[in-house]
Amino acid sequence: MNYNLECEKILNSIDLNHKPTLLLHSCCAPCSSAVLERISKYFSITILFYNPNITDYEEYLKRKEELKRLIKDVNYQIEIMDCDYDKEKFIEMALGLEDKKEGDIRCYKCYKLRLEKTAIVAKENNFDYFTTTLSISPYKNSKWLNEIGEELANKYNINYLYADFKKKNGYKRSIELSNIYHLYRQDYCGCIYSKVERDKIKALQD
């Protein structure tokens, strides 16, 4: 399936005088910047900041505050639903998968952990759609994300917004917007395992 094309079909079908509600899972401000620029005119958006994969609490707070600053600086009329810091959920999920490389099954389960929380909150609060900013990253598996989204849409009887936000120069635009708004751009996904992998790469480069 061409997920970007599916997204375009949904966006083009929307009556802008009657915008549907969307619960948007956000991983960070840079990824959210280009996604919001692209879809904010089509939906009444609420952001869900649920990222138990961010192991370090200071990093977690930094990313959350940058997201809040972006929303304020761009003057988006968007509410942020702030979840509890819950790294134990991720550690429990990753048990036995600690040695997997980034992009392997541990990442798949992490995607599902965050997307399922989003689907549940969306259903409980009567949102029309849910989706995530994660597909804007070239390091994230868009096929997995959309397959998980479709599975959860069927499970919880709620619409999922198919997307591959890196398309149409989405990732490039996120970098441009990060520079415009001076956003903090992290160089690892957030979990302790990706941080260790990043540190190993840096050590080899030094």
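**Salt bridges, sheet, core and loops**

Tutor: Lys-143 and Glu-147 are 4 residues apart in helix α6 (residues 142-156), so about one helical turn separates them. Helices here are DSSP runs of H or I with at least four residues, strands are runs of E with at least two, and both are numbered from the N terminus. The model is predicted: local features need pLDDT of at least 70 and side-chain atom pairs count only at pLDDT 80 or more, while totals for chains, interfaces and linings use all residues. Residues are numbered from 1 along each chain as its sequence is written, and side-chain values use heavy atoms, with hydrogens and water left out.

Student: What do Lys-143 and Glu-147 form, and how far apart are the closest N and O atoms?

Tutor: They form a salt bridge, with the closest N and O atoms 2.5 Å apart. The term means a side-chain nitrogen of Lys or Arg within 4 Å of a carboxyl oxygen of Asp or Glu. In general, side chains of opposite charge can pair when their charged atoms come close.

Student: Is Glu-147 buried or exposed, or partly exposed?

Tutor: Glu-147 is partly exposed, with a relative accessible area of 31%. Buried means under 20% relative accessible area, exposed means over 50%, and partly exposed lies in between, using a 1.4 Å probe and protein chains only.

Student: How many salt bridges does the structure hold?

Tutor: It holds 14. Among them is the bridge between Arg-69 and Glu-66, where the closest N and O atoms are 2.9 Å apart. These two are 3 residues apart in helix α3 (residues 57-74), so they too are separated by about one helical turn. Arg-69 is partly exposed at 25% relative accessibility, whereas Glu-66 is buried, with a relative accessible area of 13%.

Student: And which kind of contact joins the side chains of Asp-164 and Lys-166?

Tutor: A salt bridge again, at 2.9 Å from N to O. Asp-164 is buried at 10%, and Lys-166 is partly exposed at 22%. There is also a network of salt bridges that links Glu-8, Arg-38 and Lys-168.

Student: Switching topic. What is the strand order in the sheet?

Tutor: The order is β3-β2-β1-β4-β5, in an open sheet of 5 strands with parallel pairing. The edge strands are β3 (79-82) and β5 (159-160), each of which pairs on one side only. Two strands count as paired if DSSP finds at least two bridges between them.

Student: Which strands does β1 pair with?

Tutor: Strand β1 pairs in the parallel sense with strand β2 (residues 44-49) over 5 bridges, and with strand β4 (residues 129-132) over 4 bridges. On the β2 side, Thr-21 has Ser-44 as its bridge partner; on the β4 side, Leu-22 has Tyr-129. Strand β1 itself (residues 21-25) is mostly covered, with 4 of its 5 residues buried.

Student: How many bridges between β4 and β5?

Tutor: They pair in the parallel sense over 2 bridges. Phe-130 stands opposite Tyr-160 in β5.

Student: What unit do β1, α2 and β2 make?

Tutor: A right-handed β-α-β unit, with helix α2 covering residues 29-39. Right-handed means that, with the strands pointing away from the viewer, the path from the first strand over the helix to the second runs clockwise.

Student: Now the largest nonpolar core. Which residues touch the most other members?

Tutor: Ile-39, Phe-43, Ile-45, Phe-130 and Leu-161, out of 63 residues. Helix α5 (residues 105-124) supplies the largest share of this core, 8 residues. A nonpolar core is a set of buried Ala, Val, Leu, Ile, Met, Phe, Trp, Tyr and Cys residues joined through side-chain atoms within 4.5 Å.

Student: One last topic: what is the phi of Asn-169, and where is the residue placed?

Tutor: Asn-169 has a positive phi of about 60° although it is not a glycine, and it lies in the loop between β5 and α7 (170-180). Asn-169 is exposed at 54% relative accessible area. His-182 also has a positive phi, about 55°, and is not a glycine. His-182 is in the loop between α7 and α8 (192-205) and is exposed at 66%. In general, most residues other than glycine have a negative phi.
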